[in-house]
Amino acid sequence: MDLALFSSEGFLYFLRWFHYFFGVTWIGLLYYFNFVQTPFMGDAATDAGTKSTVTRVLVPRALWWFRWAAMFTFLTGLTILMIRAHQNPASMMTPWGVGITTGATMGILMFLNVWLIIWPNQKKVIANAVNVAAGQPADPNVPSYAARASVASRTNVLFSLPMLFFMGAGRHLQWASAEG
């Protein structure tokens with residue numbers, strides 16, 4: 001077995017691979033929620049029973065993958081940045097460092113939206129759907145919970161484009177080739 005896999009560069013390679021994997025999963029689900037599921041749930045042709053089933057069965061599963069993909073994207077990205085900054089502290093002041101830090105900052109804000117706004121509010125929406133399906137009265141605050149989650153989710157969509165630009169610029173723009 002090649003010992004290069006056990007070097008710091010080999011470790012960074014695997015961290016980056018997992019960062020990409022979790023990032024694609026996270027952002028893919030973000031786009032699914034905003035461009036597919038939300039319009040479907042808002043469509044007048046979608047009946048209440050279907051909406052209830054989607055909220056009780058599909059949404060919790062999709063949100064599980066969504067939030068944990070966000071967590072592992074955050075953890076792998078933070079680990080990569082810490083290793084790079086430790087290996088070459090001056091690299092963080094280069095165009096690469098500024099670009100990657102800008103992208104990482106947007107990613108961290110998006111991660112915080114997922115765990116501190118979207119997930120807590122969606123838990124309440126899901127619990128309400130479960131309770132209503134069991135014959136209990138609807139929580140009158142559910143529209144405000146859903147609205148808070150929606151604003152945070154749409155904010156993440158808006159952040160995702162410049163975040164992806166800056167994260168990609170770290171490796172692919174000529175001015176960013178000073179990475180350490």
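Helices (H or I, at least four residues) and strands (E, at least two) are DSSP runs, numbered from the N terminus. The model is predicted, so local features need pLDDT of at least 70 and side-chain atom pairs count only at pLDDT 80 or more, while totals for chains, interfaces and linings use all residues. Residues are numbered from 1 along each chain as its sequence is written, and side-chain values use heavy atoms, with hydrogens and water left out.

**Helices**

Helix α3 covers residues 95-133 and contains Asn121. Asn121 is buried, at 6% relative accessibility (buried means under 20% relative accessible area, exposed over 50%, partly exposed in between, with a 1.4 Å probe and protein chains only). Leaving aside residues up to four places away in sequence, Asn121 touches Tyr145, Arg148 and Ala149, where contact means heavy atoms within 4.5 Å.

**Nonpolar cores**

A nonpolar core is a set of buried Ala, Val, Leu, Ile, Met, Phe, Trp, Tyr and Cys residues joined through side-chain atoms within 4.5 Å. The largest has 25 residues, of which Trp26, Leu63, Phe66, Val114 and Trp115 touch the most other members. Two or more residues come from each of α1 (8-42), α2 (48-87), α3 and α4 (142-172). Apart from this core lies another, of 5 residues, including Leu81, Met92, Trp96 and Ile100.

**Aromatic contacts**

Rings of Phe, Tyr and Trp (its six-membered ring) pair if their centres lie within 6.5 Å; planes under 30 degrees apart count as stacked, over 60 as edge-to-face and the rest as tilted. The count comes to 14 aromatic pairs. Two of the pairs are tabulated here.

| Pair | Centre distance | Plane angle | Class |
|---|---|---|---|
| Tyr13 and Phe14 | 5.3 Å | 80° | edge-to-face |
| Trp64 and Trp65 | 5.0 Å | 80° | edge-to-face |

Tyr13 is partly exposed, with a relative accessible area of 46%, and Phe14 is partly exposed at 36%. Trp17, Phe18, Phe21, Phe22, Trp68, Phe72 and Trp115 form one aromatic cluster.
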